[in-house]
Amino acid sequence: MKQKKKEQRSNKWAFLIYQESVPEDYLNLLEELHVPFILSPWHDKDVNRTTGEFKKPHKHGVFFFESLKSYSQVSELISDKLNSPEHVEVVMSPKGMYDYFTHAENPEKSPYNIEDIESGAGFELDKFLAENNEDLLNQGSRNGNFSALITKYLPTH
């Protein structure tokens, strides 16, 4: 008898939401899950390299669970709650996700503004930005206003 392959588990999962199909109150829906999350700016300038056409506006997101979750658990959660594609991926590098959110390491792609990153459910955005964006950290320390620069990214409750 063939043994069933064990499903991959992680506590950090990436997902995608499309502007055309996600509910308008997606931030509230995410908050209600009580799972820390971060969302990229709306990627509305991405171009399909093959066709040269704009891709559908979308956001990349990451859940930061307190315990390990399976692919199917996260896939079902995101598709049911946010009308999103079922495909999710394990996040190997939060720094890599930050770079992907803003296209920081891809000068050939349209850049996105760090100020348009959204987060919630207890996600420590200030800490994340400080750890993953040396330019922001350097800019804040140079002008002596790092906390003011960072606090505008904190979710309001």
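A nonpolar core is understood here as a set of buried Ala, Val, Leu, Ile, Met, Phe, Trp, Tyr and Cys residues that are joined through side-chain atoms within 4.5 Å. In this predicted model, the largest such core comprises 18 residues, and those with the most contacts inside it are Phe15, Tyr26, Leu30, Phe63 and Leu82. Two or more residues are given to this core by each of β1 (9-18), α1 (26-33), β2 (37-39), β3 (58-70) and α2 (71-82), and the largest share, four residues, is that of α1.

Tyr26, one of the residues with the most contacts inside the core, touches several parts of the chain: when its neighbours within four places in sequence are left aside, Tyr26 is in contact with Ile17, Leu39, Trp42, Lys59, Leu82 and Glu118.

The packing of the helices α1 and α2 was examined next. Their axes lie 10 Å apart and form an angle of about 140°; because angles over 145 degrees are required for a roughly antiparallel arrangement, α1 is classed as oblique to α2. The crossing of the two helices is right-handed. On the side of α1, the contact is formed by Tyr26, Leu29, Leu30 and Leu33, while α2 contributes Leu77, Lys81 and Leu82. By residue class, the contact of α1 with α2 consists of six nonpolar residues and one charged residue, with no polar residue taking part.

Key. Residues are numbered from 1 along each chain as its sequence is written. This is a predicted model: local features need pLDDT of at least 70, side-chain atom pairs count only at pLDDT 80 or more; totals for chains, interfaces and linings use all residues. Side-chain values use heavy atoms; hydrogens and water are left out. Buried means under 20% relative accessible area, exposed over 50%, partly exposed in between (1.4 Å probe, protein chains only). Contact means heavy atoms within 4.5 Å. Axes are lines fitted to C-alpha atoms, for helices over the stretch in contact, and angles run from 0 to 180 degrees between N-to-C directions. Angles under 35 degrees count as roughly parallel, over 145 as roughly antiparallel, 65 to 115 as roughly perpendicular and the rest as oblique. A crossing is left-handed if the near helix is turned anticlockwise from the far one by less than a right angle, and right-handed if clockwise. Ala, Val, Leu, Ile, Met, Phe, Trp, Tyr, Cys and Pro count as nonpolar, Asp, Glu, Lys and Arg as charged, and the others, Gly among them, as polar.
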